[in-house]
Amino acid sequence: MSHQSRRKFIKSAAKVSAAVISAPFVHTSHAAGSLSVGLWDHWVPGANQATTDLINQWAAKEKVDVKIDYITSQGNKLLLTTAAEAQAKSGHDILALSTWLPADHGKLLEPVDDIMGDLIKEHGAVNNTVQYLGKVDGKWVAIPATVGSQIKGPCSRMDLLKQHAGIDIRAMYPAGAAPKADAWTTDAFLKAAEACHKGGVPFGIGFGTTTDSVDTAGSFFHAFGANLVDAKGNIVVKSDETKQVLEYLKKLISFLPPDVPAWDDASNNKWLVSGKGAMIMNPPSAWAVAKRDAPQIAEQLWTHGFPVGPKGRYAPFLPFYWGIWNFGKNKSAAKNLLRHLSTRQAVAKMVEASGGYDLPSFANLTTLPTWAEVGPPKGTLYHYPNPHNHQILSIGAAPAPPRIGNQIYNSGLMTKMAVRHAQGETVDKTIAWAAKELEGFMRV
């Protein structure tokens with residue numbers, strides 16, 4: 001560079017520096033960096049938009065450039081995305097994680113004990129299932145998400161239960177009040193299933209290997225105290241409790257549609273909305289579809305609690321989580337956003353946008369107005385979020401270590417056991433078969 005050129009460069013640079021010093025500071029949209037978020041693609045119209053609005057409000061305030069991807073769970077796309085990002089150690093900063101995935105990828109997730117400590121102080125405790133799935137080696141590795149979390153309890157036709165089984169389920173689970181359900185036992189449930197079967201409107205409870213079936217079977221196993229593997233990893237399937245639940249489920253299956261071993265997660269919804277059955281086990285998705293396609297059926301639907309068994313009243317709970325990859329590029333912003341999405345105001349908006357389908361995991365957030373107000377009939381979802389702690393929220397395969405529990409759950413081992421015995425295999429032979437399967441899981 002010549003002497004003259006150097007003089008021009010220095011003079012020009014001095015002018016730029018002076019302009020920078022004298023100009024006011026502008027807090028641009030990129031001042032706090034960028035953030036990439038991968039969320040579950042909700043099936044309820046408008047639910048994604050509510051989450052997008054909440055994130056955009058936060059982004060505008062914090063001056064963060066946020067990119068949101070909604071990833072469908074159909075075809076296991078969300079699961080495959082999680083696996084690919086974990087392997088590549090690259091992808092979204094925040095990613096929605098379904099039930100077992102926090103434990104699967106715990107070593108790659110940023111610890112969030114600080115956030116969870118604050119949220120529990122603010123919103124109340126979380127149940128043992130949320131802890132079982134969201135903690136690894138005693139540390140929180142993900143935040144329980146409102147979006148996607150659900151209880152899969154009974155949804156009944158009030159008219160058919162009363163007509164065929166003599167049960168006034170609305171009186172047993174009154175809107176706005178605590179349950180009066182001491183008589184709602186597994187024995188009463190079985191008698192009601194038999195009565196509705198005789199009346200031509202059997203319960204629509206799947207015994208396939210997809211989640212709706214596995215969740216229902218898991219709650220019955222827990223209600224009878226039948227664990228397959230204990231918390232220390234010991235195989236404990238050979239027990240009197242396992243025999244009792246298998247004998248019970250054999251009787252129950254005899255009162256269900258004959259093809260329930262082949263049902264998937266859409267089968268029970270279709271069964272209820274078609275008017276063929278008196279009850280299914282599901283979150284409010286079937287009710288929402290009925291409200292749109294079969295309003296005369298929707299008006300008769302009531303969501304309520306699980307029957308109590310010899311060892312307690314358990315309801316299937318599937319929490320979703322929001323995780324932060326520890327290889328993420330903007331972990332501080334990610335934590336800030338998850339705090340925002342976990343405020344009472346944000347949770348209330350997500351619950352409302354989902355029509356009451358989505359559930360927060362914190363004890364003090366189970367009485368939001370949506371569940372008491374949505375209808376028809378008004379109050380149909382009041383008991384859905386378990387507002388009176390009437391049930392123990394559980395997941396099938398617990399308390400096995402998550403590495404084992406995940407295999408038990410995703411293989412449908414409990415439903416397979418029930419079907420094998422229902423189709424004529426002796427209970428001892430079924431249990432011996434299950435024990436060998438569990439031994440195989442231990443080696444994986």
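**Close-up views of a predicted model**

**View 1. Strand E6 beside strand E10.** Strand E6 and strand E10 (residues 314-324) pair in the antiparallel sense over five bridges; two strands count as paired if DSSP finds at least two bridges between them. The model is predicted, so local features need pLDDT of at least 70 and side-chain atom pairs count only at pLDDT 80 or more, while totals for chains, interfaces and linings use all residues. Residues are numbered from 1 along each chain as its sequence is written, and side-chain values use heavy atoms, with hydrogens and water left out. Helices (H or I, at least four residues) and strands (E, at least two) are DSSP runs, numbered from the N terminus. Nine of the nine residues of E6 (residues 143-151) are buried, so the strand is largely enclosed by the rest of the structure. Buried means under 20% relative accessible area, exposed over 50%, and partly exposed in between (1.4 Å probe, protein chains only).

**View 2. Strand E3 and its two partners.** E3 (94-97) pairs with strand E1 (residues 34-40) in the parallel sense over two bridges. Val 37 stands opposite Ile 94 of E3. E3 is also joined to E10 by four bridges, and these two strands run antiparallel. Here Leu 95 stands opposite Gly 323 of E10. In a regular strand the side chains alternate between the two faces of the sheet. In E3, Ile 94 and Ala 96 point one way, Leu 95 and Leu 97 point the other way, and all are buried.

**View 3. His 92 and its surroundings.** His 92 is found in the loop between helix H3 (77-88) and strand E3. With a relative accessible area of 9%, His 92 is buried. Its side chain makes a polar contact with the side chain of Asp 69 at 2.8 Å, and another with the side chain of Glu 85 at 2.5 Å. A polar contact is a pair of N or O atoms within 3.5 Å; within protein, one must be able to donate a hydrogen and the other to accept it, and residues adjacent in sequence count only if both atoms are side-chain atoms. Not counting residues up to four places away in sequence, His 92 touches Ser 36, Val 37, Gly 38, Asp 69, Ile 71, Glu 85 and Trp 325, where contact means heavy atoms within 4.5 Å. The loop between H3 and E3 also holds Lys 89, which has a positive phi of about 55 degrees although it is not a glycine.

View 4. Three strands form an open sheet in the order E8-E7-E9, with antiparallel pairing. Strand E8 (279-281) and strand E9 (301-303) are the edge strands, each pairing on one side only. Neighbouring strands of this sheet are turned by 20 degrees against each other on average, direction ignored. Strand E7 (residues 154-157) and E8 pair over three bridges, and Cys 155 has Ile 280 as its bridge partner in E8. Helix H7 (residues 158-165) lies across E7, E8 and E9, running at about 70 degrees to E7. Axes are lines fitted to C-alpha atoms, for helices over the stretch in contact, and angles run from 0 to 180 degrees between N-to-C directions.

**View 5. Cys 155 and Cys 196.** A search of the whole structure finds zero disulfides, a disulfide being a pair of cysteine sulfur atoms within 2.5 Å. Cys 155 is in no disulfide, and the nearest cysteine sulfur, that of Cys 196, is 13 Å away. Cys 196 is likewise in no disulfide. Cys 155 is buried, with a relative accessible area of 4%, and Cys 196 is buried at 0%.

View 6. A cis peptide bond joins Pro 376 and Pro 377, with omega about -15 degrees. Pro 377 lies in the loop between helix H17 (369-373) and strand E11 (392-394). Asn 389 has its place in the loop between H17 and E11; this residue is not a glycine, yet has a positive phi of about 50 degrees. Asn 389 is exposed, with a relative accessible area of 61%. The peptide bond from Ala 398 to Pro 399 is also cis, with omega near 10 degrees, and Pro 399 is placed in the loop between E11 and helix H18 (402-411).

**View 7. Residues 1-31 and model confidence.** The protein chain averages a pLDDT of 93, and 93% of the residues score at least 70; pLDDT is the predictor's confidence in each residue, from 0 to 100. Over residues 1-31 the pLDDT is below 50, and beyond near neighbours in sequence this stretch has 10 contacts in the model. Where pLDDT is low, the predicted coordinates should not be read in detail.
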